[in-house]
Amino acid sequence: MNQHPLTSLAGYFALLSLFAVGGANAAIPEMHRVAVNVMQWMSDRQFADMYAIAQMSPGPNVIIVALIGYHVAGFTGSGVAIAAMCGPTCTLAFVVARTWDRFKEARWRVAIQAGMVPLSLGLIAASAFVLARAADHNVYALLVTAATAAAALFTRVNPLWIFVVAGLLGLSGWL
Amino acid sequence: MSTSGFGGVLPWARRALVEQKRWMTTEEFNETFALSQFLPGPNVINFSVVFGSRFGGVAGAVVALAGLLGPPLIIVMVLAILYERYGDIEALSRILAGVSAAAVGLLIAVVAKMAAPMFLKRWSSAPVFALLAFAGVALMHWPLPYVFLGLAPVSVAFAWFKR
């Protein structure tokens, strides 16, 4: 693979976006596979860090591709990565938006939508698995993960506070 | 609006578009949301394009997209620079270790919320496809396009005949 990094970035993210049913979170395992295993742009740990930074930042989750792009090729890299990730699907969204009403009730559309739900669930679960393996290196980190999941499921606490507490726990050197 | 969406923008989008600005009704919002989920790629991005294009054609779509992506992009770029420069500092990497463990926890909660209705329904093929997609990507490390192209047609076919 002697491709220019920018070409690889553009190619991977454009391809990736078209198969990411379920949003940016469904695309995480593929991003991880490419960025860490195939292209070896970064380590497992760096990938987990970038996911954490993207989650801490306000705005859409897809912003993680800008972080990966920046790591690989600076500002140009992040611009190229975002454009490749959003360009094809935005064009598709624009085109479909104009014709959507015509086949809103069509049976094939309902079937496609129903068929995609389990796939996106499986992909997002795979994201959680891949990220847990990258982020949870010991029992304490696993406990933080479990406690956060429980808090998010059973309470209405703002995730930002969970991040603050988890960050302080991390700083204390337990994780 | 974009900068207020910690861990996802959609709940905020609903509040602003439907309840405050009254740019769309609840039904229109749900319908636009369904469409943006139906399409591949980042859902919120799709949402902004669909919404923007209904409001003002190509210009509307571009403006909505720029508004959604612009401010967060600036913030995250600052964070990216800081991370590349100071990421090796012990204290920072410890904090990030804590936050990334928590971020995974949030994602697991999302998965649980999505999975609950699917697994509670009796006699459904859906959990099988969810498990296959998970196994292919997480355990076998197969490329996403292969897993998707292999499973999507079968899953959709099941949904077609099951009604």
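**Helical architecture and chain contacts in a predicted two-chain model**

B:Val147 is located in helix H6 of chain B. In this predicted model, B:Val147 is classed as buried because 24 C-beta neighbours fall inside 10 Å, where 20 or more are required. The C-alpha atom of B:Val147 is separated by 34 Å from that of B:Ile75, a residue 72 positions apart from it along the chain.

The loop between helix H5 (126–139) and helix H6 (144–162) of chain B contains B:His141. Although B:His141 is not a glycine, its phi is positive, at about 60 degrees. Most residues other than glycine have a negative phi. B:His141 has 14 C-beta neighbours inside 10 Å and therefore counts as partly exposed. In chain A, a positive phi, near 50 degrees, occurs at A:Gln40, also a residue other than glycine. A:Gln40 is found in the loop between H2 and H3 of chain A. With 9 C-beta neighbours inside 10 Å, A:Gln40 is assigned to the exposed class, for which the limit is 12 or fewer.

Chain A comprises seven helices and zero strands, so that its elements read α-α-α-α-α-α-α from the N terminus on. The C-alpha trace of chain A extends over about 55 × 45 × 25 Å along its principal axes. Of the 175 residues in chain A, 54% are buried. Where contacts in chain A involve residues at least 6 apart in sequence, 59% of them join residues at least 24 apart. The domain assignment divides chain A into domain 1 (5–133) and domain 2 (136–175). The centres of domain 1 and domain 2 of chain A, taken over C-alpha atoms, are 25 Å apart.

The packing of two helices is described by the angle and the distance between their axes. For H1(A) and H4(A), the axes approach within 8 Å and cross at roughly 40 degrees. This crossing of H1(A) and H4(A) is right-handed. Residues forming the contact of H1(A) with H4(A) comprise 15 nonpolar, six polar and no charged.

The largest nonpolar core contains 108 residues, of which A:Ile64, A:Leu67, A:Ala81, A:Ala128 and A:Leu131 touch the most other members. H4(A) gives the most to this core, supplying 16 residues. In soluble globular proteins, nonpolar side chains tend to be buried together. Apart from residues up to four places away in sequence, A:Leu131 touches A:Ile28, A:Ala48 and A:Tyr51, as well as B:Val104 and B:Leu107 of chain B.

Between the two chains, 85 residues of chain A are in contact with 81 residues of chain B. At least two residues of the side of chain A that touches chain B come from each of helix H1 (5–19), helix H2 (24–38), helix H3 (44–56), helix H4 (64–99), helix H5 (107–135), helix H6 (139–154) and helix H7 (159–171) of chain A. The most is given by H5(A), with 21 residues on the side of chain A that touches chain B. By residue class, this side of chain A consists of 62 nonpolar, 19 polar and four charged residues.

Terms used
Residues numbered from 1 in each chain as written. Chains lettered and ligands numbered in written order. Predicted model: local features only at pLDDT ≥ 70, side-chain atom pairs only at ≥ 80, totals over all residues. Helix = DSSP H or I, 4+ residues; strand = E, 2+ residues; numbered from the N terminus. Contact = placed C-beta atoms within 7 Å. Nonpolar A, V, L, I, M, F, W, Y, C, P; charged D, E, K, R; others polar. Domains from an automatic or database assignment. Core = buried A, V, L, I, M, F, W, Y, C linked by C-beta atoms within 7 Å. Axes fitted to C-alpha atoms, helices over the stretch in contact; angles between N-to-C directions. Left-handed = near helix turned anticlockwise from the far one by under 90°.
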